[in-house]
Amino acid sequence: MTTSPDTTGRVREHFRKKAFSFDHLYDEEHALQRLLRPGLFDRRELAVGVAGSYESPSVLDVGGGSGRIGEPILEQGASRYVDVDLSSTMLDLARDRLARFGDKVELVQGDFLTTELNGPFDVVLALGYFDYIEDAAAHTRRIGELCTGSAVASFPRWTWTKGPIRKLRYEVINNCPIFDYTAEGLHRLFADAGFTSVEVRRGKAGYLVRAGKNFPQNSA
């Protein structure tokens, strides 16, 4: 199964409308953001740390949006940063934010499964991306095809405290699909995509995955 055009269109429209709201979620100048959404900053710190473990890495950011995570990765020495996203509005924000890095930055609008990307990459990121993905297996397989080193991805999980509210807010009010995952399913997804090591970290409302082809397994 591949992602349906209807699902892709709904996600694209959601991020066209909500681009500025999503961008401001990562605004560290507001302490309230860190208090209310610590998971957003945890996954960014993991991504920046993994990229920093490579010397001048090439980095692909799947659904990288406004470039909030790309900025610190480029600041610490990435040789190439490619942001592929459905939303032109999000990429406009990234263009402004990352302009100072010149030709190290490539902004690509399109569907990750079908858009041509000049890989491979040392690091592939997919943060806040799989929340909206109908066929996660196809997307993790492509990540595996493009990645020679490490992948970092975040996934929501169902909880009775937040799950119903998220379903209502996204699917009913905003007409945007939302999906949930299990730790067992994530291990299987990344193993099937060719990663030899998979580490799954459980947070309050989701999972952080570090999968690799070049580091010892340490699963949790």
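Tutor: We shall look at one helix and then at the core it joins. Please keep in mind that this is a predicted model; its secondary structure comes to 8 helices and 7 strands, and of its 220 residues 54% count as buried.

Student: Which residues of helix α8 are buried?

Tutor: The general idea is that an α-helix has 3.6 residues a turn, so residues three or four places apart point the same way. In helix α8, which spans residues 183–192, the buried residues are Ala183, Gly185, Leu186, Leu189 and Phe190. They lie on the same side of α8, because they cover an arc of only 155° around the axis.

Student: Which exposed residues does the face turned away from the buried side of α8 carry?

Tutor: That face carries Glu184, Arg188 and Asp192, which are exposed.

Student: What do the buried residues of α8 pack against?

Tutor: They pack against the helix α6 (136–146) and the strands β5 (147–156), β6 (197–202) and β7 (206–212). Phe190 shows this in detail: leaving aside neighbours within four places in sequence, it is in contact with Thr140, Ala151, Ala153, Phe155, Phe195, Val198, Val209 and Ala211.

Student: How many residues has the largest nonpolar core, and which have the most contacts inside it?

Tutor: That core has 32 residues, and those with the most contacts inside it are Leu60, Phe112, Phe130, Phe155 and Phe190. Among the elements that give two or more residues to this core are α6, β5, α8, β6 and β7. Apart from it lies another core, of 21 residues, including Tyr81 and Leu98.

Notes: Residues numbered from 1 in each chain as written. Predicted model: local features only at pLDDT ≥ 70, side-chain atom pairs only at ≥ 80, totals over all residues. Heavy atoms only, no water. Buried < 20%, exposed > 50% of the residue type's maximum accessible area, 1.4 Å probe, protein only. Helix = DSSP H or I, 4+ residues; strand = E, 2+ residues; numbered from the N terminus. Arc of directions from axis to C-beta. Contact = heavy atoms within 4.5 Å. Core = buried A, V, L, I, M, F, W, Y, C linked by side-chain atoms within 4.5 Å.
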